[in-house]
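Morning, everyone. Please bring up the model on your screens, and we'll take it one piece at a time.

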Amino acid sequence: MKSNVRIPGPLVIALFAVAFLTILVFADIWLVRQRHMAELGKQEMSLRSDLQRLDTWGRWTMEYVKIDKALAYLSKGRLTEDTRRELTEQIWQISHSYTTDPLMILAVVAQESHGNPNARGRLQSGAFSGALGLMQIKLETAQKMAARFGMRIESTEDLLKPEVNVTVGTAYLIRLIGKYGNWKEALIAYNIGHSAVDRMLEQGQPLPTGYYEKVLAKYRNLANKSFL
């Protein structure tokens with residue numbers, strides 16, 4: 001049986017118009033939500049980036065403070081505040097430039113001079129060894145290293161300037177780490193000379209580890225200090 005119900009044309013048009021408007025409204029709501037979600041995503045990424053920067057700055061600040069306090073502990077007042085601040089900045093910059101633990105550099109300072117900027121090395125006989133300052137650098141070695149980055153060292157008195165001594169001393173140490181690829185051989189070479197280490201390695205002789213072990217002990221002592 002056929003239905004005789006007929007939907008008037010205007011009503012069909014109205015229904016289509018309502019449906020179309022409904023689709024437009026939902027599409028608009030969907031687009032607004034998508035834009036809102038995208039904006040929230042951007043805000044989240046920005047917040048994460050800010051948190052990462054804050055975390056990095058926090059770590060850098062802590063490293064700086066550790067270096068400064070360790071220098072104060074080692075020098076026992078033998079460095080002025082300005083000099084200590086300058087050394088802190090130097091060691092911090094070097095440690096980041098060469099991905100080196102700054103406390104290892106300070107452990108070498110502790111072993112070599114006990115934090116005394118005026119230290120003068122002595123041989124077993126008591127004669128002056130030629131090593132000077134915080135990192136006990138000899139003039140010839142210092143001049144060779146200084147020439148690599150445009151610094152002039154005229155006399156042994158220059159090596160008694162803490163900022164000069166630490167600059168050339170750490171540069172020499174970093175060079176040895178690059179040469180040997182590890183802290184152990186680099187530190188032994190820093191102590192007895194790279195020529196001696198090269199000769200012993202070539203001849204298959206065991207390297208003396210006493211100095212290396214002492215530096216590690218100094219490092220652990222600094223790392224375990226409560227003020228750090």
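Let's begin with helix α9. Its buried residues are Tyr 211, Tyr 212, Val 215, Leu 216 and Leu 222. Look down the axis of α9: those buried residues fall within an arc of 135 degrees, so they line one face of the helix. Keep in mind that this is a predicted model. Now the length. Helix α9 runs over residues 210-223, which is 14 residues. From first C-alpha to last, α9 reaches 20 Å, close to the 20 Å expected at 1.5 Å a residue.

Next, helix α4, residues 139-148. Which residues of α4 are buried? Ala 142, Met 145 and Ala 146. Around the axis they cover an arc of only 100 degrees, which puts them on the same side of α4. What do the buried residues of α4 pack against? Two helices: α5, residues 156-159, and α6, residues 162-180. The face pointing away from its buried side carries exposed residues, namely Glu 140, Lys 144, Ala 147 and Arg 148. After α4 comes Gly 150. The phi of Gly 150 is positive, near 75 degrees.

Last stop, helix α1. This helix covers residues 9-75, and Phe 20 sits in it. Is Phe 20 buried or exposed? Exposed, because its relative accessibility is 51%, and the cut-off for exposed is over 50%. Phe 20 also belongs to a nonpolar patch on the surface, formed with Leu 21 and Leu 24. Together, the three have about 310 Å² of accessible area.

That's the tour. Questions, please.

How values were computed: Residues numbered from 1 in each chain as written. Predicted model: local features only at pLDDT ≥ 70, side-chain atom pairs only at ≥ 80, totals over all residues. Heavy atoms only, no water. Patch = residues over 30% accessible without salt bridge, like charges linked within 9 Å, V, L, I, M, F, W, Y side chains within 5 Å. Areas by Shrake-Rupley, 256 points an atom, 1.4 Å probe, with all protein chains shown as cover. Salt bridge = Lys/Arg side-chain N within 4 Å of Asp/Glu carboxyl O. Helix = DSSP H or I, 4+ residues; strand = E, 2+ residues; numbered from the N terminus. Buried < 20%, exposed > 50% of the residue type's maximum accessible area, 1.4 Å probe, protein only. Expected span 1.5 Å × (residues − 1). Arc of directions from axis to C-beta. Contact = heavy atoms within 4.5 Å.
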